[in-house]
Structure formats: C-alpha cells, structure tokens
Amino acid sequence: MVEIEKLKQELKDLNAKAAGIRDLPVEQRAEFGRKINLERQDLLGKIAAAEKALLDVEVQPIDVTAWSGVNEKMPEFYTTEMGTCHPLMAEMDRVVEIYQLMGFDVMESRQLDDEYHMFDTLNFPKEHPARDGYDTFRTEEGLIPPAHTSTMQHRVLKKYRKQLEERGRLAVVVPGRVFRNEDVDATHEHTFYQCEGVYVSQDCSMGQMLGILREFFEKYYEQKLNIRTQPGYFPFTEPSLEFMIEKPESLGGKKGDYLEMLGCGMIHPNVLKQAGIDPEKYHGFAWGGGIDRLVMLRYGLNDVRMFESGNLNFLREF
Ligand code: DAH
C-alpha cells in the first residue's frame, strides 16, 4: 500500500513538473515533453503492477468455528459430532412435499398473531365461549401466539384471491408452530406443530376433500388406510368433521382402532366473505391437524414431550 502511495505521489510531482514546459524556450520543449512522457509511462506501469500484486495476495480463510487451543486438549463440552435436522422439521418437510406434489402452494405460519386473525376472521362471534376453547396465551400487549394454523386462513384467502379468479382455484398448505396454555403430559404439549390446508374453487366438494386427505395419509404412512369421519364443530367450517384413520397393524394397531387425525370441513361463507371472496360463486374446504401426533404414530413414540426436550439420546435415534 505504502509503495503505491509513493508512486502516486511521484506521478503527481511529475505532472506538476510537466506544467513548467510553458516557461522553457520553444526549442527545448519537445525534448522536455518526451522525457516527461517516458517517466510518466514508467510510473503508470509500476502503479498498475503494484495494484495487481495487491489483488493477487493469497488470503488465508478464517474458520471462526475452529477450536484455537493448538496444543490443548479439546474441552469436554465441545462435541465433535455433526448437528442434524430435528425429527419434527424433517417430517414437516415430508408432509409439505406430499401436498406440493398434489399441487398445493406453501405459506408459512407465524409465531405471534392477533385477536382479529385468531378469532374474528374465523367467524367466532364476539365474546363467544368458543374463543376460550383454544387455551390461548396472550402477551401483555394483547397479542396471541397462535393456538392453531387456522389463524392464517384469512391471509391465505386474501393473498391467493387473485389467483383464484385467474385459475379458478386456490390450493395452499400452511405449516406452523402453535401454542396452547395446557398442562403438559405425555400427550399434551404447550408448543406443537400443525399443518393447515385451504382449497377454494367454484365446484369443490366434501368428497374431494376426503380424497385429498386419504391420499395424504396413505402417502405419509406408505400404505392403504381405512378412514372414517364423525361430525365436529368449528365456527369456521359448516359442516365440520373430525377425520380419523384406522391405526395400521404394522404400527401396532388392531381392527377398529381409530385415531382422530385432524379437524376439517367446508369453509363457512362468512370466512370467505370477510376475505373478499364471493360465497355465492366460490366454495372451499379446509383442514388442520397436529404434526407431532402424526410423527409419533409413524415412529411408535409415546411421549410428545421428547420433541421439545432437547434430549440428545432421543434426537440421535433419528
Ligand atoms: N384449527 C382447528 C384446531 O386446531 C382444526 C381445524 C378444523 C382446522 C377445521 C381447519 C378446519 O382448517 O376447517 O382444532
């Protein structure tokens, strides 16, 4: 660097000296100019070479994660193992991929929401006791860590409304982390995961919805399944259903062992209307269900608390 600065200063001095040409007798000017030019070429060449040399310097990459105690023993708490994807995240990717292969778009949920999206846009009447059924946490500011991924339905409908008009249908899944103020035990967690599905078109039907759900579960568990539904109640669907699958023998089930996997139904006209979609023209169905439960059945796990435990022995099994 110093070298370049020095050369540049010399070039400046040379230029200043060149200005003196005007004070010379005419017959000396040509020779003076020629000498100055030669010196200038020489200096410019040196500057270019010095700059190039600067760029060619080999830079040693720094590994900021490297243990720097050269001759010391690695401390016990420094594990040399590679980290891995959390089993829930890996399964979530699998879930989303199955829906993507069926043509669904994906929109991620959020971890903080408000009363408007959690209840108002989902046709929960104001002050209705159903609002209490979701064991919601609240921040001091009155915000809500969402208790279900349905909190995203209004956003999905609004965001994909244009696509619905252009393509005649809207198909989106929403994976997300959800929170409920519940006592924790082997089957209940305050923090868990859900995946929501939303489908709207002019002529969709409950039959189509059950077909999509069956397809999903059969892909996920890699086998044919028996399914069953029973009536349910959700303010945002009418009619509402609970969707069940018969626990496969290969996963420790026996005949007639039905497990409830998710809630679903035809989207209530008020929910469509509130998002600016004409319920006279369009119909939709939606569903939402827990991922943790899905994964527990697949791997024969019996304690949901393991997922959030950070227990390495458990995590290493995957
Ligand atoms: N959000 C509901 C829950 O967590 C599940 C659900 C039911 C989602 C019906 C839906 C639906 O989209 O249509 O209990």
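Which residues form one aromatic cluster? Y99, F104, Y199, F216, F217, Y220, Y221, F243, F285 and W287 do. This is a predicted model, where local features need pLDDT of at least 70, side-chain atom pairs count only at pLDDT 80 or more, and totals for chains, interfaces and linings use all residues. Residues are numbered from 1 along each chain as its sequence is written, and side-chain values use heavy atoms, leaving out hydrogens and water.

**View 1. F104 and Y199 form a tilted pair.** Rings of Phe, Tyr and Trp (its six-membered ring) pair if their centres lie within 6.5 Å; planes under 30 degrees apart count as stacked, over 60 as edge-to-face and the rest as tilted. Here the centres are 6.4 Å apart and the planes at 55°, so the pair is tilted. F104 and Y199 are 95 residues apart in the chain. Both are buried, meaning under 20% relative accessible area, with exposed over 50% and partly exposed in between (1.4 Å probe, protein chains only).

**View 2. F314 and F318 meet edge-to-face.** Look for ring centres 5.2 Å apart and planes at 70°. F314, at 5% relative accessibility, counts as buried, while F318, at 37%, counts as partly exposed.

**View 3. R228 sits over the ring of Y258.** The charged end of R228 is 4.0 Å from the ring centre. A charge sits over a ring if NZ of Lys or CZ of Arg is within 6 Å of the ring centre and within 35 degrees of the ring normal. R298 likewise lies over the face of Y220, at 5.4 Å from the ring centre.

Notes: Helices (H or I, at least four residues) and strands (E, at least two) are DSSP runs, numbered from the N terminus.
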